[in-house]
Amino acid sequence: MNRKILFLFFLFFFLAGSTNNVSAQTTSISSPVVNQSFPVLPTLLPTITLQPSPAVSFTILEQLNQLANSTASTSSIATVAATPTISESSYATISATPTPDIVASGSAQDYCLNVPIILYHHVEPMAIATQLGHASLTEDSQMFEEHISYLSSHHYHFLSLENLVHAILNHKTVPAKSVVITVDDGYIDAYTYAFLYAKKYHAIINFMIPTGLVGQPDYLTWDHLKEMATSPYVRLYNHTTTHAPLGLIDQDQIIKEVTTANQALKTSLGIKNDIVVYPYGSYNDLAIQTIQQLGMIAAVSTDPGTNDCISNIMKLPRVRVGDEPIQDYGY
């Protein structure tokens, strides 16, 4: 009997030891898998640091924000008769010389001239612009004179905006090395500096006038404009009445902005105008269709480029230059 008990005791001890060995082996095999560290994959998307837009201290920009926040929904905009709008992808591509070319655009013939329409706003000494808080929109007056002097001495031809528009619409040529100089917004420095250089270098300069701001502080007066309008080197155009962004307002407001400005130009200066310059470069299909219905034959945007075509005649592009020599832009 004692031998049986002793045998069972050793049998139990042997089985218990075997179980522990199996458990230990299992743990030693599985542990590397459980504790294995996975590699960290590199980030696939680059980190983008947002750059704040330069602040511009003009109260008119506050109006833009207010209009953007209060813009009516699409369903509340009046219906305008359909006018075909040609997409950007159908614009003709031509050589980088200011000579005309005709190329196929869809089923119709497009006609383009490669003429830079150069964009300025304020023209004044940069020290004054900095003091007044609008240096970002300013071409130093000395640099502006250097631009005009350089273009003149290098035999560029200064075109009026209407001459360019009529050449495009009528498939006409323009002189080689033609440019269109534009100065937006009707600030007082347009008279003090830009007009001075127009006369000095016999260079046509095109001024874009928001007629409802004429006579306001820091803006041209009607007396300034009357003097400028008599010069063979000045052209004046409709930049709306209150400098409103036409792409953010409804049809009735667009009509009022454009027609009131045209009436003011005609009544005060005897100018019959059929070209609109979009404030802030803001436009949309409704704006284009509405101003066409009002009899406008062309409009000017701030879209970049130099190809001026029948297909983009209602949103002609411009070249924005900074406070650097004009040669830096390839002229």
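The largest nonpolar core in this predicted model takes in 36 residues, and Leu151, Ile181 and Phe207 have the most contacts inside it. H6 supplies the largest share, six residues.

Leaving aside residues up to four places away in sequence, Ile181 touches Ile118, Tyr120, Ile148, Leu151, Phe158, Ile204, Ile205 and Asn206. Apart from this core sits another one, made up of 34 residues, including Ile275, Ala287, Ile288 and Met314.

Back to H6, and to its packing against H7. The angle between these two helices is about 5°, and their axes lie 12 Å apart. With angles under 35 degrees counted as roughly parallel, H6 and H7 therefore run roughly parallel to each other. On the H6 side, the contact is made by Ala190, Tyr191, Phe195 and Lys199, while H7 brings His224, Glu227 and Met228. Sorted by class, that makes four nonpolar residues, one polar and two charged.

As for confidence, the chain has a mean pLDDT of 78, with 67% of its residues at 70 or more. Residues 16–65 come out below 50, and the model gives this stretch 19 contacts beyond near neighbours in sequence. Over residues 67–107 the pLDDT also stays under 50, and here the model has 69 contacts beyond four places in sequence.

Technical notes:
Residues numbered from 1 in each chain as written. Predicted model: local features only at pLDDT ≥ 70, side-chain atom pairs only at ≥ 80, totals over all residues. Heavy atoms only, no water. Core = buried A, V, L, I, M, F, W, Y, C linked by side-chain atoms within 4.5 Å. Buried < 20%, exposed > 50% of the residue type's maximum accessible area, 1.4 Å probe, protein only. Helix = DSSP H or I, 4+ residues; strand = E, 2+ residues; numbered from the N terminus. Contact = heavy atoms within 4.5 Å. Axes fitted to C-alpha atoms, helices over the stretch in contact; angles between N-to-C directions. Parallel < 35°, antiparallel > 145°, perpendicular 65-115°, else oblique. Nonpolar A, V, L, I, M, F, W, Y, C, P; charged D, E, K, R; others polar. pLDDT = per-residue confidence, 0-100.
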